[in-house]
Amino acid sequence: MTPSEPAETRTEDRPPRRPAAQTATLAEIAREAGVSAPTVSKVLNGRADVAPATRTRVEGLLRAHGYRRRRAEATRSPLIDLVFHELESAWAMEVIRGVENVARDAGLSVVLSESAGRLTPGRTWADQVAARRPHGVVLVLSGLDESQRALLTSRSIPFVVMDPAGDPGADVPSIGATNWQGGLAATRHLVELGHRRIGAISGPPQMMCSRARLDGYRAALETAGLPVDPEMVRTGDFHHETGYRLGRELLARPDRPTAVFAGNDLQALGLYEAARELGLRIPEDVSVVGFDDLPVARWVGPPLTTVRQPLTEMAEAAARLVLELGRADEAPTATRVELATSLVVRASTGAPPLAGS
């Protein structure tokens, strides 16, 4: 027990638990937990001066009773929390720009967090968000565990997942893109140019977006009657260095691919570097297609053919949705949204070389 916490008083004469449809008062939850009402209030408001065992017991009862702060009770900070699993790429800057656009129009500021590569933020983060009471939380390529979701829900802090790493669940609002269609379009473009040995550098297999893009690649090959050669597929992590390393592996093969679909633009740029070191020209010796359409894709030499993922628009949609969830008495009708991808053809793709076709 911390010194500032009121003494806990347990009693065996507890009233029976209410049915889930009914919401208990703070006093009733305090009585059932064997603590004071101010202690329950501290837990509900994310205060740090509560013993861990007490916090766990009280939060369990709050979840069991389906307790949520009434919106009129919650004094929100003029903030949107934006959470990334990683924050070190131009990809993240496009997302930040989109959330900032919406936040600025609403008179709000953006708080950035990074979960150091984990797909779920740590418990400390959830406590900090509960204490800040932002207007909402946007999670990018990340998600929440059950206790974190319950913590935010009990404080009426809405959240939206953008480009979810896995299946976020039917009840979790999310914004995504048509990743499968994008992978299909990228690979079909190469097939139509005459390529028959088409390699791929995918993203992390635990991420739903990278699996969908690779499935689109496979579907395009199978539809064209071409075999899917596992030796032509490498599993990456969406980083430039990995695109370079895996690109060298593919391009150094005696039967090297005449074209490569990279799972994102950063890996495609790594592949550019590998091709230059091996003395290969793009697109004369190898064609390259990326995914994302980051601003740099237009300025590299040659300009990169890529699948445009509307990152800024996706981030704007996520921020608007989280604010709508915070304002509405009822949930919006559309809480699972996919924005369209589109192929942008530039100078990094062409017909295969005659000797390797």
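1. Partly exposed, as used below, means a relative accessible area between the buried range, under 20%, and the exposed range, over 50%. Arg 132, with a relative accessible area of 23%, is partly exposed for that reason. The model discussed in this note is a predicted one.

2. Overall content. The protein has 357 residues, and buried residues make up 55% of them. Its secondary structure comes to 11 helices and 12 strands. Among contacts with a separation of 6 or more, 73% are between residues 24 or more positions apart. The accessible surface is about 15800 Å², and carbon and sulfur atoms account for 52% of that surface.

3. Asp 81 and Arg 132. The structure holds 12 salt bridges. One of them joins Asp 81 to Arg 132, with the closest N and O atoms 2.5 Å apart. Asp 81 belongs to strand S1 (residues 79–84) and Arg 132 to helix H5 (residues 123–132), so this pair ties together parts that are 51 residues apart in sequence.

4. Asp 215 and Arg 218. These two side chains also meet in a salt bridge, at 3.2 Å from N to O. Both residues lie in helix H8 (residues 208–223), and they are three residues apart, about one turn of the helix. Asp 215 is partly exposed because its relative accessibility is 37%; Arg 218, at 31%, is likewise partly exposed.

5. Glu 313 and Arg 308. A further salt bridge is formed by the side chains of Glu 313 and Arg 308, at 2.8 Å from N to O. Glu 313 has a relative accessible area of 30%, which makes this residue partly exposed. Arg 308 is partly exposed too, with a relative accessible area of 30%. Elsewhere, Glu 231, Arg 253 and Asp 255 are linked in a network of salt bridges.

6. Asp 265. Asp 265 lies in helix H10 (residues 265–277). Apart from neighbours within four places in sequence, Asp 265 is in contact with several residues, including Gly 290, Phe 291, Asp 292, Asp 293 and Leu 294. Ala 297, Leu 304 and Thr 306 are also among the contacts of Asp 265.

7. Pro 295. This proline sits in the loop between strand S9 (287–292) and strand S10 (305–308). With 29% relative accessibility, Pro 295 counts as partly exposed. Pro 295 and Asp 265 are 30 residues apart in sequence, and their C-alpha atoms are 9.9 Å apart in space.

8. Negative surface patch. Which residues gather in a patch of negative charge on the surface? They are Glu 88, Glu 114, Asp 237 and Glu 241. Of these, Asp 237 is found in the loop between strand S7 (233–235) and helix H9 (240–251). Asp 237 counts as partly exposed because its relative accessibility is 32%.

9. Cis peptide bonds. Ile 282 and Pro 283 are joined by a cis peptide bond, with omega about 5°. Pro 283 lies in the loop between H10 and S9. A cis peptide bond also joins Gly 301 and Pro 302, with omega about -5°. Pro 302 is placed in the loop between S9 and S10.

10. Positive phi values. Arg 133 has phi near 50°, a positive value in a residue other than glycine. Arg 133 is found in the loop between H5 and strand S3 (136–140), and a relative accessible area of 21% makes Arg 133 partly exposed. Asp 163 also has a positive phi, near 50°, and is a residue other than glycine. Where is Asp 163? Asp 163 lies in the loop between strand S4 (159–162) and strand S5 (174–177). At 3% relative accessibility, Asp 163 counts as buried.

Conventions:
Residues numbered from 1 in each chain as written. Predicted model: local features only at pLDDT ≥ 70, side-chain atom pairs only at ≥ 80, totals over all residues. Heavy atoms only, no water. Patch = residues over 30% accessible without salt bridge, like charges linked within 9 Å, V, L, I, M, F, W, Y side chains within 5 Å. Areas by Shrake-Rupley, 256 points an atom, 1.4 Å probe, with all protein chains shown as cover. Salt bridge = Lys/Arg side-chain N within 4 Å of Asp/Glu carboxyl O. Lys, Arg positive; Asp, Glu negative; His and termini not counted. Charge placed at Lys NZ, Arg CZ, Asp CG, Glu CD. Helix = DSSP H or I, 4+ residues; strand = E, 2+ residues; numbered from the N terminus. Buried < 20%, exposed > 50% of the residue type's maximum accessible area, 1.4 Å probe, protein only. Contact = heavy atoms within 4.5 Å.
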